[in-house]
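Dear colleague,

I am passing on the model we spoke of, with the sequence and coordinates placed just below. After them comes a summary of what was found, arranged by topic.

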Amino acid sequence: MLRSMFSGKRLLAGLAAMALVVAACSSGGSVKSGKVTLTFWSWVPHLQSEIALFEKAHPNIHVNLVNAGQGAAEYTKLRTALKAGSGAPDVVQIEFQYLPTFEQIHGLLDISKYGANSIKGAYVPWAWSQVSKGSAVYAIPQDSGPMGLLYRKDIFAKYHLTVPTTWAQFAQTAAKLHAANPNIYLTDLPTNDPGWMNGVLWQAGWRPFQVSGSTISVSIDQPAGVRVADYWGNLVRQHLVATDPDFTSGWYSALGTGKYAAWVTAAWGPVFLSGVAGKTAGKWRAAPIPQWTPGANVSANWGGSTDAVTTQTAHPQQAAELAMWINHDMTSAQMLATKSFLFPTLTGLLDNSSFADAKLPFYGGQEVNKIFIDSSKQVNLSFEWSPFQDYVYSQMGTYLGQAVNGKISFAGAMQQLQGNVVSYAKAQGFTVKP
Amino acid sequence: MPSTGVEEARGKPTGPRLKRTSEEPYGPGLGERRLRRFWQRIGIPYMFLFPFLLLFVLFLIVPLVYALQLSLFQQRLVGGNVFVGLHNYLTAFTDSNFLGGIRRMAVFGVVQIPVMIGLALAFALLLDGGLVWLRRTFRMAFFLPYAVPSVVAALMWGYLYGPSFGPLSEIGHNLHVAVPAFLSPSWMLVSIGNIVTWEYVGYNMIILFAALQAVPSELREAAAVDGASQWAIARRIKIPLIKPALLLTVVFSIIGTLQLFNEPQIMFAIAPTVIGNSYTPNLYAYNLAFTNQQYNYSAAISFTLGAVVFIGSYTFMLVTNRRKGF
């Protein structure tokens with residue numbers, strides 16, 4: 001039996017079959033008649049439909065869409081591939097806050113020489129400023145998350161609360177609600193979400209980093225930062241807000257049962273909420289994010305991604321074309337907005353009346369997009385990220401956690417964070433400006 | 001090999017240099033015999049070992065050497081690779097995150113290991129004492145948690161511990177009984193200890209049960225004839241005789257405790273403020289590498305942790321091994 005299994009003829013046939021399979025599976029490079037195959041890492045849902053459109057418009061390019069994980073999971077793989085020198089995709093989805101990190105390790109290709117600057121005007125200015133450095137362009141904006149407030153109209157009506165327009169009013173509303181019903185809170189402070197924290201700090205005028213080459217100035221404990229930290233610290237100490245981690249099953253269930261009466265969120269929030277808190281359909285409304293100064297109109301951004309071309313690509317021209325087309329072609333961009341629920345960064349879509357006037361039944365027919373479109377125009381341009389943002393985020397999470405547990409004050413957390421980040425930057429060889 | 005003929009004719013054994021065994025034929029010269037002996041004693045065994053050795057070197061030794069090399073350098077975002085000698089190790093010895101993690105694991109181990117081994121021993125003795133009906137079913141039932149991957153176990157227990165809608169808190173709520181906040185800082189070690197105990201009691205029980213099978217039945221019968229109770233038999237005969245197996249399980253548990261990773265990593269998602277990124281030394285090394293991009297320092301921490309594990313288990317074995325023989 002064994003002998004016949006390994007007989008010469010069968011072995012040869014098996015090896016030949018294996019060789020064919022291996023050849024067929026090999027990726028990249030042109031296989032037949034000058035066709036180019038690109039690998040595209042992205043976690044955007046339903047992206048295959050836009051890719052199908054792209055392939056139709058570019059018959060010589062075939063795109064291999066790979067979901068390599070969401071956020072940090074994908075970045076770990078990308079880093080490993082960049083460090084190893086091979087294995088990185090041609091085009092990759094990267095969130096705004098991690099662009100400097102990947103630019104620092106020379107992982108992103110400057111696609112200005114492939115015509116990226118020609119589509120500059122189509123995008124919201126702050127989004128373009130995040131993907132470019134002068135005339136160099138490192139990524140194409142895809143979606144964004146200008147911030148706003150979602151609240152439960154029925155709970156507000158039940159306890160006679162008015163929608164807060166300033167943070168001072170927000171604190172008063174929180175106190176009033178919790179006094180009336182100690183089991184529910186005005187909102188949740190997500191202790192595991194430095195991105196959220198970053199957003200509310202951004203809105204208060206917090207500008208922690210200024211980077212130029214290998215010089216960095218770190219001012220995490222600047223007055224705006226301490227002010228926001230103290231504000232939320234007070235709410236936590238007085239038990240006026242919950243401190244549950246977000247995007248966990250407990251948090252979803254709390255949204256559904258009305259434990260939180262409001263959610264300070266971003267433009268992708270409304271559709272996301274309708275997906276996870278279906279029981280509360282029709283009870284939510286949207287409002288602009290509360291302001292620090294009465295009458296002001298300042299917003300911030302939480303989340304949003306771009307598509308970038310990696311320096312490992314063998315086909316920079318085609319890869320740049322893919323990144324640009326997917327996010328600039330009107331049909332593709334509209335599909336991204338309506339099918340994948342990505343909040344657009346294209347001014348053409350933001351000004352589009354059908355998008356702006358869309359009435360969402362989950363929000364009682366309110367034209368929710370208008371609120372976030374306005375917010376998008378109020379996002380302050382000058383926010384800069386650090387070139388080691390995941391370190392900063394993980395430290396923010398740690399110190400926020402310690403502050404919530406009462407080990408340190410919230411203001412103290414900002415100061416410790418400042419000290420830590422400065423030491424880390426120095427250890428990494430940066431010159432830290434005081 | 002053709003026989004030389006001469007020695008055969010004389011009927012004398014060949015020289016004193018090589019002892020001839022009965023199965024060795026007369027005939028092959030000294031060189032051939034030495035070659036065959038080498039091949040039989042050394043060549044063939046190593047040839048069989050070679051696949052394992054190859055994998056061992058490739059996947060254990062080479063990465064260890066690479067990690068050691070990594071730990072002597074620093075890869076900086078600005079400035080590239082810099083040789084820093086033992087600087088990373090010096091930092092590790094004074095790193096409060098690392099030392100805190102070790103201390104936490106020591107506290108954890110001092111409580112959890114005796115509890116777990118104690119339970120495993122009790123279950124093994126119960127099953128061996130023949131007091132339990134459906135022995136095989138119980139053995140399987142106790143072992144089943146070990147078959148559950150630790151990540152799945154941690155996810156499952158994390159759900160059970162959930163404060164807002166986990167079953168335990170809901171039952172407590174309905175019965176108006178105060179349920180401990182399993183995921184709070186004061187309870188987290190206990191909660192994780194519970195998961196680890198649940199997972200590994202069965203595994204340790206199987207080892208101890210197998211060791212108990214090797215206890216000669218004459219001893220038990222003699223003791224029973226002398227009027228010893230089951231408990232006395234267990235205490236005075238069985239436990240001393242399975243001491244090697246007990247030591248084995250405890251050493252494994254010490255090593256496992258110091259390297260705890262899966263459970264805190266899963267708990268991080270649901271209780272990030274409690275776990276942080278340096279709850280256990282292994283978790284700290286992981287976060288240093290994959291979040292902070294500090295691969296070199298992570299390698300140094302890993303080696304230091306390895307040294308701590310080595311010292312811990314060796315000390316334990318020395319302390320319990322006063323007499324000769326393991």
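Predicted model: local features only at pLDDT ≥ 70, side-chain atom pairs only at ≥ 80, totals over all residues.

Helix 14 of chain B spans residues 281-290, and seven of its ten residues are buried, so the helix is largely enclosed by the rest of the structure. The buried residues in question are B:P281, B:N282, B:L283, B:Y284, B:A285, B:N287 and B:L288. For chain B as a whole, buried residues make up 29% of its 326 residues.

**Where the two chains meet**

**The rest of chain B**

The secondary structure of chain B comes to 15 helices and two strands. Those strands, strand 1 (residues 73-76) and strand 2 (residues 80-83) of chain B, run antiparallel and are joined by four bridges, with B:F73 standing opposite B:F83 in strand 2 of chain B. Strand 1 and strand 2 of chain B form a hairpin with three residues between them, and in the turn B:G79 has a positive phi of about 115 degrees.

The domain assignment gives chain B a domain 1 (6-71) and a domain 2 (87-319), whose centres, taken over C-alpha atoms, are separated by 43 Å. Four residues of domain 1 of chain B are in contact with seven residues of domain 2 of chain B, and the domain 1 side of this contact has three nonpolar, one polar and no charged residues. Among the contacts in chain B with a separation of 6 or more, 66% are between residues 24 or more positions apart.

**The domains of chain A**

Chain A is divided into domain 1 (30-144 + 303-350) and domain 2 (147-300 + 358-433), and the C-alpha centres of these two domains of chain A lie 28 Å apart. Here 15 residues of domain 1 of chain A are in contact with 17 residues of domain 2 of chain A. Helix 5 (99-104) and helix 6 (125-131) of chain A each supply at least two residues of the domain 1 side, and the residues on that side divide into nine nonpolar, six polar and no charged.

**A helix pair in chain A**

The axes of helix 3 (residues 47-57) of chain A and helix 14 (residues 330-338) of chain A come within 9 Å and cross at roughly 175 degrees. Helix 3 and helix 14 of chain A are therefore roughly antiparallel to each other. The residues that meet are A:S49, A:E50, A:L53 and A:F54 in helix 3 of chain A, and A:T331, A:S332, A:M335 and A:L336 in helix 14 of chain A. The residues of this contact divide into four nonpolar, three polar and one charged.

**A three-stranded sheet in chain A**

Chain A also contains an open sheet of three strands in the order 10-7-11, with antiparallel pairing. Its edge strands are strand 10 (262-266) and strand 11 (284-288) of chain A, each of which pairs on one side only, and neighbouring strands of the sheet are turned by 30 degrees against each other on average, with direction ignored. Strand 7 (residues 147-152) of chain A pairs with strand 10 of chain A in the antiparallel sense over five bridges, and within this pairing the bridge partner of A:L149 is A:V264 in strand 10 of chain A. Helix 12 (residues 269-276) of chain A packs on the sheet and touches strand 7, strand 10 and strand 11 of chain A, while its direction makes about 130 degrees with that of strand 10 of chain A.

With best regards

Notes: Residues numbered from 1 in each chain as written. Chains lettered and ligands numbered in written order. Pairing = 2+ DSSP bridges. Axes fitted to C-alpha atoms, helices over the stretch in contact; angles between N-to-C directions. Contact = placed C-beta atoms within 7 Å. Buried ≥ 20, exposed ≤ 12 C-beta atoms within 10 Å, placed from the backbone. Parallel < 35°, antiparallel > 145°, perpendicular 65-115°, else oblique. Nonpolar A, V, L, I, M, F, W, Y, C, P; charged D, E, K, R; others polar. Domains from an automatic or database assignment.
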